[in-house]
Protein chains: 2
Amino acid sequence: MEEKELEFICEEKHPHYQKINEVKCTEPDTEQIETLSNMFKLFADNTRLRIICSILNTELCVCDLCELLDLNQSTVSHQLQILRNAKLVKYRREGKQIYYSLQDEHIEQIIRNKFSTYFRRGG
Amino acid sequence: MEEKELEFICEEKHPHYQKINEVKCTEPDTEQIETLSNMFKLFADNTRLRIICSILNTELCVCDLCELLDLNQSTVSHQLQILRNAKLVKYRREGKQIYYSLQDEHIEQIIRNKFSTYFRRGG
DNA sequence: CTTTTATATGAATATATGTTCATATGTTAA
DNA sequence: TTAACATATGAACATATATTCATATAAAAG
């Protein structure tokens, strides 16, 4: 069990102090929130979403993506870097070209699990 | 069946023109991408996530949220407005206070469904 | 070894977004 | 009706993020 350092609100300070204190106990900590919002940020951009959708079922090289999505090569590379850092995509070199594909076979599942972990509601 | 206006790539223009054209057929359109990324943006912010988590199982008024999350009243109101516009939260007035709660009982489900719709991968 | 092609990356810029301040609106109590 | 409190909101500001340009790196071809 993890020990949380919580500052509970007292009655004088707030009329709903009890309810607030209860919610405080179930709050995800700063790190969890940060992790979760960072994950959502990855999907919260049109360009990245389009890239992800493009390689849902196949691998593509950078210039494929540029052509397909009608984007600047630099833009694609920068966004791929973000997806790489997040370990959302993997890549392999074949000659001069670098082929990108989804790192995990089940991005969908990953997200679902994160949701279940952090957003499970009490009965 | 919807008719898509696709500009297919020709052989001269790109070596992988076939693969690209195939992917082009399964791409979500601009509107779908926009909708999806907007949805992720809602969850891609620490403050909004914390607010959402706080009202997962209970309703809270604005000053409860300010106290609980140690945030400026204006900040909370602005973020609640965003969540209201997205129909993610609902509210009711009781005297001077306004109580917020989740609009839908199953945010988790909503997201999952969106995922399933847009991110389903071919076998 | 030089040139060409594919990709990556730092820096500059443009844009979007979150927070704060000041103040407006709406409700209750005096 | 006025004062006090809770919340909302426009404008200013600060910050984060995406895109572009210029250029570096890396591989292949000549």
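How far does a polar side-chain atom of Thr47(A) lie from a phosphate oxygen of DNA strand D? I looked it up, and the distance is 2.9 Å.

**Ground rules.** I noted that this is a predicted model, where local features need pLDDT of at least 70, side-chain atom pairs count only at pLDDT 80 or more, and totals for chains, interfaces and linings use all residues. Residues are numbered from 1 along each chain as its sequence is written, chains are lettered from A and ligands numbered from 1 in the order in which they are written, and side-chain values use heavy atoms, with hydrogens and water left out.

**Phosphate contacts.** I kept to polar contacts, that is, pairs of N or O atoms within 3.5 Å; within protein, one must be able to donate a hydrogen and the other to accept it, and residues adjacent in sequence count only if both atoms are side-chain atoms. Thr75(A) also places a polar side-chain atom 2.9 Å from a phosphate oxygen of DNA strand D. With Val62(B), a polar backbone atom is involved, and the phosphate oxygen of DNA strand D is 3.3 Å away.

I counted a residue as near if one of its heavy atoms lies within 4 Å of the strand. There are 26 residues around DNA strand D, and Arg48(A), Ser74(A), Ser74(B), His78(B) and Tyr100(B) come nearest.

Helices here are DSSP runs of H or I with at least four residues, strands are runs of E with at least two, and both are numbered from the N terminus. Elements with at least two residues each in this surface include α3 (46-54) of chain A and β3 (97-102) of chain B.

**The sheet in chain B.** I found three strands in an open sheet, ordered β1-β3-β2, with antiparallel pairing; strands pair if DSSP finds at least two bridges between them. The edges are β1 (60-61) and β2 (89-94), each pairing on one side only. Two bridges join β1(B) to β3(B), and Leu60(B) stands opposite Tyr100(B).

**The hairpin in chain A.** Here β2 (89-94) and β3 (97-102) run antiparallel, joined by six bridges. Arg93(A) has Ile98(A) as its bridge partner. Two residues separate the strands of this hairpin, and Gly95(A) in the turn has a positive phi of about 65°.
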